[in-house]
Amino acid sequence: MTAPVETRKFEAEVAQVLHLVTHSLYSHKEIFLRELISNASDACDKLRFESIAKPELLSGDAELHIDVSWDPQARTITVRDNGIGMTRDEVVANIGTIASSGTRRFLEAMSHEQKSDARLIGQFGVGFYSAFVVADKVTVLSRRAGAPAGDGVKWESDGKGEYSLEQIDLPERGTAVVLHLKPEEDEFLKRWQLRSLITRYSDHVAFPIRMPIEQDDKPTDEWETVNDASALWTKPKSEISDEDYQSFYKTLGHDFNDALAWTHNRVEGSQSFTTLLYIPSQPPFELMMGGRDERKGLKLYIKRVFIMDAAEELLPNYLRFVRGVVDADDLPLNVSREILQHNRQLERIKSACVKRVLDLIEKLAKDEPEKFETFYKAFGNTLKEGIGEDQANRERIAKLLRFASTKGDGSAQKVSLDDYISRMPVDQDTIWYITADSYAAALGSPQLEAFKAKGVEVLLMSDRIDEWMLGSLHEYAGKKLRNVAKGDLPLDDEGKKQQEEASKAAEPLLRKLKELLGDRVADVKVSARLTDSPSCLALSDYEMAPHLARLLREAGHDMPDSKPTLEINPQHPLLKRVEAEGDQAKAKDLASLLLEQAEIAAGAQLPDPAAFVQRMNRVLLG
């Protein structure tokens with residue numbers, strides 16, 4: 001009795017992806033072969049791992065391989081592996097739906113930007129769908145290792161919204177993907193073309209990729225291996241060219257671009273292992289769209305046996321952009337995710353990986369400034385997370401950070417903490433900075449005025465993570481880091497005397513402002529920071545910056561209410577006007593505007609914008 005054929009609709013996200021793939025995304029359509037071979041390699045890796053505990057899964061066909069064949073008459077290309085295979089439910093889960101929660105954000109970004117960008121190939125887990133770039137119909141035949149022949153599954157679709165499912169007899173385990181080529185894609189029915197693509201994109205896949213030998217321009221039943229079929233990381237570095245490294249990276253990271261840099265090392269001793277780690281030239285998709293919750297780790301192998309595709313325990317969160325392979329000689333082969341989390345040997349490997357990555361970034365900073373600039377633009381904010389997460393390497397990470405500065409090159413983040421220290425006067429013992437929600441807001445902050453007047457350099461920090469990061473970075477190279485907007489400024493004896501005299505002279509004005517502003521402020525003081533502006537906010541050393549508090553409120557976090565301290569410049573004409581104003585209502589409007597403009601400059605959210613506008617209009621009208 002023939003099993004019935006079931007027809008299903010794709011999930012909405014899959015339909016959108018298919019539309020993007022077939023109409024705009026894949027400007028380099030030959031990538032389909034790399035994606036399908038990578039999937040086949042993963043299937044072989046997974047079977048090899050499962051067979052450690054269940055050797056019977058390999059029975060009858062122990063040599064894992066990937067076959068690429070073509071049929072000029074039927075106009076098909078078939079990519080077949082004898083790997084783990086899939087059950088019916090796995091076929092539906094892996095092909096009929098997209099599990100990544102980042103996919104929706106990706107689709108939204110694509111629809112807004114209308115980009116056709118080959119750099120996005122494979123970066124969000126839908127490499128299989130690249131088959132529809134060259135095929136008007138795709139057939140998948142699969143049987144899970146260990147399942148009976150009658151549990152084979154046939155999946156088929158023209159990529160236009162529906163797919164069919166059918167239970168069939170399959171004598172062999174594994175998966176075959178059959179591409180029925182579009183009329184204009186005859187170039188892929190030539191052996192030399194397919195072989196050149198395999199050499200270019202998949203030469204270092206660690207399983208034999210076989211193709212039929214051709215005779216009289218027709219494929220025969222004889223097969224030959226056409227790739228290197230060896231694990232690249234196991235070779236001596238002297239035998240590997242830069243082109244080999246880049247080719248392997250593109251297969252490993254599903255990236256169309258070259259890697260920015262890499263480090264390849266072998267550690268010998270009581271615990272031996274090999275690492276091959278890459279820094280991408282741009283943020284991987286899941287880092288841009290999904291952030292910390294959707295990261296992928298390194299590929300973990302033990303004696304060249306694949307163990308895990310995303311071994312997150314091998315690198316800390318702040319280095320989640322790194323791609324690569326770790327191959328250990330002496331971890332237990334029955335290792336599981338739970339054992340990984342508590343394995344001392346793994347901690348040593350993790351420590352070595354972190355050291356290698358930081359070594360590599362330091363080398364870029366020292367020897368290849370252009371590449372380091374590219375790295376920092378892409379991953380600088382991610383690296384900053386390490387200040388709070390990795391206490392052991394905090395000083396090394398801080399040395400790599402770059403900022404804009406009042407003595408820097410505009411908004412470019414190129415000034416290191418070492419650069420700042422090298423320019424400090426002998427009697428200065430503090431690294432001064434300010435945080436804001438933009439470079440312009442930081443540069444224009446009234447809190448900088450006294451520092452500019454004295455020629456003191458201030459770092460201008462405008463990334464959202466900066467305020468959080470600085471909660472863990474209190475000093476560097478023996479120098480304290482301080483926010484120019486927080487706490488009392490250190491003054492010499494002469495400065496203290498002048499400050500006391502100014503405060504005493506302004507006592508009537510301070511009392512008047514406190515009465516006018518009431519419980520809207522915690523205090524009103526004469527400022528040592530201001531030279532040109534009439535007012536600014538002053539924060540305590542542990543108070544959150546107003547712009548960050550605003551962002552957290554907008555994100556739905558409950559933030560405690562806090563009353564600001566208003567600092568004034570008594571010599572400013574606006575303060576003279578408040579002091580002389582006899583009309584209580586007009587004086588209150590002026591005092592409120594002094595507070596509100598200070599709040600705006602600090603990035604705070606006005607509690608009543610409409611009232612601010614009305615006050616401003618009354619003052620303008622006189």
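This is a predicted model: local features need pLDDT of at least 70, side-chain atom pairs count only at pLDDT 80 or more; totals for chains, interfaces and linings use all residues.
Contact here means heavy atoms within 4.5 Å.

**Stop 1: a helix pair**

Select residues 573-580, helix α20, together with residues 584-601, helix α21. Which residues of the two helices meet? On the α20 side, pick out Leu574, Leu575, Arg577 and Val578; their counterparts in α21 are Leu590, Leu594 and Gln597. Sorted by class, this contact of α20 with α21 has five nonpolar residues, one polar and one charged.

Now turn to the axes: α20 and α21 lie 10 Å apart and pack at an angle of about 150°. Angles over 145 degrees count as roughly antiparallel, so α20 is roughly antiparallel to α21. The crossing of α20 past α21 is left-handed.

**Stop 2: the sheet of nine strands**

Next, colour the strands in the order β1-β6-β5-β4-β7-β3-β2-β8-β9, and you have an open sheet with mixed pairing. Look at its edges, β1 (6-9) and β9 (218-225): each has a single partner strand, so one side of each is left without a neighbour in the sheet. On average, neighbouring strands here are turned by 20° against each other, direction ignored.

Zoom in on β2 (residues 66-71) and β3 (residues 76-81), an antiparallel pair joined by six bridges. Asp71 has Thr76 in β3 as its bridge partner.

Then show the helices that lie across this sheet. Helix α2 (residues 31-53) covers β2, β3, β7 (174-181) and β8 (209-215), and runs at about 25° to β3. Helix α6 (residues 191-202) lies across β2, β3, β8 and β9, at about 155° to β8.

**Stop 3: an aromatic pair**

How many aromatic pairs does the structure hold? There are 15. For one of them, select Trp262 and Tyr278: the ring centres are 6.2 Å apart and the planes stand at 50°, so the pair is tilted. Trp262 belongs to strand β10 (residues 259-267) and Tyr278 to strand β11 (residues 273-280), so the pair ties together parts that are 16 residues apart in sequence.

**Stop 4: the sheet of five strands**

Finish with the open sheet ordered β15-β17-β16-β19-β18, where the pairing is again mixed. Its edge strands, β15 (404-405) and β18 (475-476), each pair on one side only. Inside the sheet, select β16 (residues 430-435) and β17 (residues 459-461): they run parallel, joined by three bridges.

Conventions. Residues are numbered from 1 along each chain as its sequence is written. Side-chain values use heavy atoms; hydrogens and water are left out. Axes are lines fitted to C-alpha atoms, for helices over the stretch in contact, and angles run from 0 to 180 degrees between N-to-C directions. Helices (H or I, at least four residues) and strands (E, at least two) are DSSP runs, numbered from the N terminus. Angles under 35 degrees count as roughly parallel, over 145 as roughly antiparallel, 65 to 115 as roughly perpendicular and the rest as oblique. A crossing is left-handed if the near helix is turned anticlockwise from the far one by less than a right angle, and right-handed if clockwise. Ala, Val, Leu, Ile, Met, Phe, Trp, Tyr, Cys and Pro count as nonpolar, Asp, Glu, Lys and Arg as charged, and the others, Gly among them, as polar. Two strands pair if DSSP finds at least two bridges between them. Rings of Phe, Tyr and Trp (its six-membered ring) pair if their centres lie within 6.5 Å; planes under 30 degrees apart count as stacked, over 60 as edge-to-face and the rest as tilted.
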